[in-house]
Amino acid sequence: MDAYYTKQGTVNYTTKSTVSIVKPDGLVSYEVREIVVTANILFGEIVGLLGIVANVINVVVFSKIGFSDTVNISLAALAVSDIGALVTLQWFNVIVNPWFLQLDLPFLPLEIQSLTAGYPHNYFVKVTGFITAFVAFERCLCVTLPFKVKTLITKRIALAFNVAVFFAIALTMFPVYYTAYYDWKFDAKKNKTVLGIFYTKNINDVLGPSLFLTNSVVPLVSFAVIILCNIVIAFWLKRALVWRQMSSGAAITTPGAAVSVKEKKMVKMIVTVSVIFIICFIPSSALLTARAIIPELSISGIYSNINWIVATYALEMETVNSSITIVVYYRMSSKYRETLLVMFGRHVNTKKTSSKSLNVSQITETSDLKSS
């Protein structure tokens, strides 16, 4: 990219200056873009802050539950990744806010955001995708190979995979930071020198293949695994249900039928998390596809205003995905719910359960005495 368009002009990276160029608004005016983008950003800021708190709670709760079940390791890692995605997105929302852009700053916000917010956020999003894919794959094994999954996915393997994902995705981001750097440039509009972004001469040779890998191949792999695993899970659970209806009381021969009630609840919870992930990332995937088909839809094209509107909406959906997991866990996992309530000093449910158990035992004892 040799230039970066704004409302006022184009930043030329070769001459280190800002050139005033009148750029057409495309189908949507710059004023409409400002209103919609600001609304999207404000929504994202509010939900994102709540999401950060929620994911910190997730990490604490899973730590208290323990990691005897390997899925808890992955869900805790997922919460850490979501925290990173939300924190970087908070900074992105601030730095691209139209109100923030009007301030007299010693740097160009739209250029500074790429290396400090945009790419770091993309990194955590990709980590989230692969961890979600791993969790879906593990639950898929629970349904298809219920007697072997404990030996195939051990705590050591789960921990090693999650740590490896963080490091492996970080390596894919190296070309981005290798070909870009910050330096001072003259801004004709402000009539002063400001901090902006520059790229090395070999950017096209290095960054082109790298972005294809990180923006297309990597997300596609995680998406494919998540979708495939959920299809397999749905197929095996349906098959198990049909088998039970046809041969009630017979010996268990179908793998899906051997899955415990607890495991089925966990599977349903993971499927819910996976479906939410897929739905929330459809807008960003659609935008990347549209950019590849329509070059003018890029951030420096004629339809850049539409790009900004759709991009901030896509980021809204990503924020929702990273923030809503606490609701899913609370509603679908009794162990998570009990641990969370106890953590906040709510012992009511536990006492009620104990009293109910006591009453049942007393009734049983009374019946035994009467019968004797």
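What share of the contacts in the protein with a separation of 6 or more comes from residues 24 or more positions apart? The share is 72%. A contact here means heavy atoms within 4.5 Å.

This is a predicted model, in which local features need pLDDT of at least 70 and side-chain atom pairs count only at pLDDT 80 or more, while totals for chains, interfaces and linings use all residues. Residues are numbered from 1 along each chain as its sequence is written, and side-chain values use heavy atoms, with hydrogens and water left out.

Start with the overall make-up. The protein has 14 helices and 5 strands. Both are DSSP runs, numbered from the N terminus: helices are H or I with at least four residues, strands are E with at least two. Of the 372 residues, 45% are buried. Buried means under 20% relative accessible area, exposed means over 50%, and partly exposed lies in between, using a 1.4 Å probe and protein chains only.

Next, the annotation. An unreviewed UniProt entry marks residues 35-61, 73-92, 123-145, 157-178, 217-237, 270-294 and 306-330 as "transmembrane region". UniProt positions are given in the numbering used here, feature names are shortened, and annotations may be inferred rather than shown by experiment. Two of these spans can be checked against the model. Residues 217-237 are 100% helix and 0% strand, with end C-alpha atoms 30 Å apart. Residues 306-330 are 96% helix and 0% strand, and their end C-alpha atoms lie 37 Å apart.

Now the interior. A nonpolar core is a set of buried Ala, Val, Leu, Ile, Met, Phe, Trp, Tyr and Cys residues joined through side-chain atoms within 4.5 Å. The largest such core has 46 residues. Leu 75, Ile 131, Tyr 329 and Tyr 336 have the most contacts inside it. At least two residues of this core come from each of helix 1, helix 2 (70-95), helix 4 (109-144), helix 6 (155-172), helix 8 (203-246), helix 9 (261-280), helix 12 (325-332) and helix 13. Helix 4 gives the largest share, 9 residues. Another core lies apart from it, with 14 residues, among them Ile 41, Leu 105, Phe 107 and Ile 112.

Leaving out residues up to four places away in sequence, Tyr 329 touches Asn 58, Phe 62, Leu 75, Leu 78, Met 269, Val 273 and Tyr 336. Ring pairs also link Phe 62, Tyr 329 and Tyr 336 into a cluster.

Rings of Phe, Tyr and Trp (its six-membered ring) pair if their centres lie within 6.5 Å; planes under 30 degrees apart count as stacked, over 60 as edge-to-face and the rest as tilted. By this rule there are 10 aromatic pairs. Phe 62 and Tyr 336 form a tilted pair, because their centres are 5.6 Å apart and their planes stand at 55°. Phe 62 lies in helix 1 (residues 30-65) and Tyr 336 in helix 13, so this pair ties together parts 274 residues apart in sequence. Phe 62 is buried, at 4% relative accessible area, and Tyr 336 is buried at 1%. Tyr 123 and Phe 124 have centres 4.9 Å apart and planes at 65°, so that pair is edge-to-face. Tyr 123 is buried at 14%, and Phe 124 at 19%.

Charges meet rings too. A charge sits over a ring if NZ of Lys or CZ of Arg is within 6 Å of the ring centre and within 35 degrees of the ring normal. Lys 185 lies over the face of Phe 198, at 4.4 Å from the ring centre. Arg 337 lies over the face of Tyr 330, at 5.9 Å.

Helix 13 spans residues 334-343, and its buried residues are Tyr 336, Thr 339, Leu 340 and Leu 341. Just after helix 13, Gly 345 takes a positive phi of about 80°.

Two threonines complete the tour. Thr 319 sits in helix 11 (residues 304-323) and is buried at 1% relative accessibility. A polar atom of its side chain lies 2.8 Å from the backbone oxygen of Leu 315. Beyond its neighbours within four places in sequence, Thr 319 contacts Gly 44, Val 47, Gly 48, Leu 86 and Leu 89. Thr 70 is in helix 2 and is buried at 7%. Not counting residues up to four places away, Thr 70 touches Glu 138, Ile 153, Thr 154, Lys 155 and Ala 158.

How values were computed
Polar contact = N/O pair within 3.5 Å; in protein donor to acceptor, adjacent residues only side chain to side chain.
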